[in-house]
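This report looks at a few side chains and the contacts they make. Please keep the sequence and the structure in view while reading.

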Amino acid sequence: MSNLFADIKQQVGSHKPSIVLPEGTDERVLEAAVKLAADNVVEPIVIGNPDEIASLADKINVKIDDVTIYNPKTYAHLDAMVEAFVERRKGKATEEQARELLMDVNYFGTMLVYMEKADGLVSGAAHSTGDTVRPALQIIKTLPGIKRTSGVFIMVKEDKKFVFGDCAINISPNEEELAEIATATADTAKLFGIDPKVAMLSFSTLGSASSQETQKVSAATKIAQESRPDLVIDGEFQFDAAFVPAVAQKKAPDSPLKGEANVFIFPSLESGNLGYKIAQRLGGYDAIGPILQGLNKPVNDLSRGCNVDDVYKLSLITAMQAITQTETQKA
């Protein structure tokens with residue numbers, strides 16, 4: 001785990017992107033912001049009332065001199081932000097409604113990212129996933145060709161790294177959506193130095209059982225393979241056939257995965273959520289995420305049970321996503 005984040009800090013540090021942390025009056029968030037500023041890898045922007053934030057800083061004994069603070073109520077460029085918001089929502093919000101919404105720290109922070117006043121956003125320590133993701137979907141929106149966002153976890157234990165998706169957003173994706181999740185997750189894996197070998201999971205291996213559920217995964221596999229022939233993707237697979245070479249040799253000897261999959265695509269949110277928590281709690285893996293993918297600019301969602309380290313690490317990951325997206329757009 002330490003090696004993973006040492007690599008991320010090295011990549012991020014030379015760019016020093018700015019990351020919005022809207023929940024500036026949450027002590028976990030403020031402490032993480034101070035740590036990010038002290039480590040000089042990310043420029044943290046916290047949102048809230050400066051007096052309340054200063055009082056909290058005194059309470060938890062941290063110095064906020066190097067942390068940028070924005071108060072939506074006194075923000076100098078609020079009029080321009082309101083105008084940009086109304087334009088972006090295309091008639092779905094009046095100027096009065098926009099001003100009211102922009103007093104919400106998540107909407108305000110998301111607009112900072114949209115207006116390129118910041119490079120990414122991390123929220124959710126004190127808000128629901130919906131409160132974090134809704135403004136991003138309305139304002140930042142998904143990348144061209146991507147119909148929906150999805151959420152993945154990087155599972156880390158010593159020198160082992162795997163990616164699980166979707167474990168956060170889509171309850172029951174259809175075959176096209178599942179294929180999109182698979183290719184997006186493969187691209188996310190590359191951010192972490194993983195050469196993706198993608199297994200589309202089910203309770204069947206290459207037709208050993210047949211049902212609507214297995215057929216959906218099989219069809220999604222074909223769509224993903226056709227849309228991204230540059231990736232190694234195969235399915236449908238039971239987990240052991242995707243992960244254990246000896247089982248793969250018996251059940252799927254001709255598969256390019258050969259029991260060495262490192263990206264696992266679950267057929268539903270139910271299975272994905274269970275899968276990552278089993279690996280975390282029984283297998284002893286650290287679960288980093290959820291990392292949202294498919295947005296025009298990076299926005300990520302914390303668990304409300306997060307700690308300071310979680311906020312710090314997800315901010316670094318968001319910064320790395322921002323750098324990668326910028327470099328991709330330039331290319």
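A search of the whole structure, which is a predicted model, finds 13 salt bridges. Side chains of opposite charge can pair when their charged atoms come close. Three of these pairs are listed below.

| Salt bridge | Closest N to O distance |
|---|---|
| Arg-99 and Asp-79 | 2.6 Å |
| Glu-95 and Arg-99 | 3.6 Å |

Arg-99 forms a salt bridge with Asp-79. Because Arg-99 lies in helix H5 (residues 95-101) and Asp-79 in helix H4 (residues 78-89), the pair ties together parts that are 20 residues apart in sequence. Arg-99 also forms a salt bridge with Glu-95. Those two residues are four places apart in helix H5, so about one helical turn separates them. Glu-95 is partly exposed, with a relative accessible area of 49%, and Arg-99 is partly exposed at 29%.

Lys-313 and Asp-309 are both in helix H13 (residues 308-330), four residues apart, which is about one turn of the helix. Lys-313 has a relative accessible area of 18%, so it counts as buried, the limit being under 20%. Asp-309, at 31%, counts as partly exposed. Elsewhere, salt bridges that share partners join Asp-187, Lys-190, Arg-228 and Asp-230 into one network.

Two buried residues in helices come next. Thr-110 lies in helix H6 (residues 105-114) and has a relative accessible area of 0%. The side chain of Thr-110 reaches the backbone oxygen of Asn-106 at 2.7 Å. Not counting residues up to four places away in sequence, Thr-110 touches Leu-121, Pro-135, Ala-136, Ile-139 and Ile-140.

Ala-37 belongs to helix H2 (residues 27-39) and counts as buried at 15% relative accessibility. With neighbours within four places in sequence left aside, Ala-37 is in contact with Val-42, Pro-44, Asp-66 and Val-67. Ala-37 and Asp-65 are 28 residues apart in sequence, and their C-alpha atoms are 9.3 Å apart in space.

Which residues form a nonpolar patch on the surface? They are Phe-239, Phe-243 and Val-244, with about 230 Å² of accessible area together. Val-244 is in the loop between helix H10 (239-243) and helix H11 (245-251), and counts as partly exposed at 33% relative accessibility.

An unreviewed UniProt entry annotates residues 6-319 as "domain: Phosphate acetyl/butaryl transferase". Over residues 6-319 the chain is 46% helix and 18% strand, and the end C-alpha atoms are 14 Å apart.

Technical notes
Residues are numbered from 1 along each chain as its sequence is written. This is a predicted model: local features need pLDDT of at least 70, side-chain atom pairs count only at pLDDT 80 or more; totals for chains, interfaces and linings use all residues. Side-chain values use heavy atoms; hydrogens and water are left out. Patches are made of residues with over 30% relative accessible area and no salt bridge: like charges are joined within 9 Å, nonpolar side chains (Val, Leu, Ile, Met, Phe, Trp, Tyr) within 5 Å. Accessible areas come from the Shrake-Rupley method with a 1.4 Å probe; for residues, only the protein chains shown count as cover. A salt bridge is a side-chain nitrogen of Lys or Arg within 4 Å of a carboxyl oxygen of Asp or Glu. Buried means under 20% relative accessible area, exposed over 50%, partly exposed in between (1.4 Å probe, protein chains only). A polar contact is a pair of N or O atoms within 3.5 Å; within protein, one must be able to donate a hydrogen and the other to accept it, and residues adjacent in sequence count only if both atoms are side-chain atoms. Contact means heavy atoms within 4.5 Å. UniProt positions are given in the numbering used here, feature names are shortened, and annotations may be inferred rather than shown by experiment.
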